[in-house]
Amino acid sequence: PSDTMHTMKQHIEQALHNSSLSLASIYHELRNSNDDHQDQMDNIMIAYRATRRAMDKNHGGKTYNSHEAYEAMTLGEFPNAAPLAKSQWDEMDAIASNLDLG
């Protein structure tokens with residue numbers, strides 16, 4: 001059973017990491033637009049932090065691929081992030097819409 005648990009944990013960590021990269025990319029897209037999206041950006045930052053906090057820390061106190069996530073959020077760099085297809089954006093939007101950010 002430990003193998004299954006390990007695989008599930010890896011899957012969850014990877015999914016949370018990918019979600020944090022998606023949130024970071026949305027954050028930068030809003031930041032780089034000409035409109036004022038500050039409220040939305042604040043909520044995305046909260047969601048990003050909560051997503052990272054949901055991850056397990058390793059023995060060094062770091063989360064999975066934390067450096068990549070940090071760079072994605074602070075610098076807007078996404079070395080391995082493929083551009084999201086429209087369907088993925090819609091899915092992210094649906095997930096985000098169902099989050100209780102209050």
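Confidence in the chain is lowest in helix α4 (residues 86-97), at a mean of 59, and highest in helix α2 (residues 38-53), at 94. Confidence here is pLDDT, the predictor's score for each residue, from 0 to 100. The mean pLDDT of the chain is 81, and 74% of its residues reach 70 or more. This is a predicted model, in which local features need pLDDT of at least 70, side-chain atom pairs count only at pLDDT 80 or more, and totals for chains, interfaces and linings use all residues. Residues are numbered from 1 along each chain as its sequence is written, and side-chain values use heavy atoms, with hydrogens and water left out.

The chain holds four helices and zero strands. Its elements run α-α-α-α from the N terminus on. Helices (H or I, at least four residues) and strands (E, at least two) are DSSP runs, numbered from the N terminus. Of the 102 residues in the chain, 26% are buried. Buried means under 20% relative accessible area, exposed means over 50%, and partly exposed lies in between (1.4 Å probe, protein chains only).

Helix α3 spans residues 66-75, and its buried residues are Glu-68, Ala-69, Ala-72 and Met-73. Seen down the axis of α3, these residues fall within an arc of 125°, so they line one face of the helix. The arc is that of the directions from the helix axis to the C-beta atoms. An α-helix has 3.6 residues a turn, so residues three or four places apart point the same way. The face of α3 turned away from the buried side carries the exposed residues His-67 and Tyr-70.

Thr-74 also lies in α3. With a relative accessible area of 37%, Thr-74 is partly exposed. A polar atom of the Thr-74 side chain lies 2.7 Å from the backbone oxygen of Tyr-70. Thr-74 and His-28 are 46 residues apart in sequence, yet their C-alpha atoms are 9.0 Å apart in space. Just after α3, Gly-76 takes a positive phi of about 70°.

Met-5, Met-8 and Ile-12 make a nonpolar surface patch of about 290 Å². Patches are made of residues with over 30% relative accessible area and no salt bridge; like charges are joined within 9 Å, and nonpolar side chains (Val, Leu, Ile, Met, Phe, Trp, Tyr) within 5 Å. A salt bridge is a side-chain nitrogen of Lys or Arg within 4 Å of a carboxyl oxygen of Asp or Glu. Accessible areas come from the Shrake-Rupley method with a 1.4 Å probe. Ile-12 lies in helix α1 (residues 2-31). Ile-12 counts as partly exposed, at 35% relative accessibility.

Technical notes:
Polar contact = N/O pair within 3.5 Å; in protein donor to acceptor, adjacent residues only side chain to side chain.
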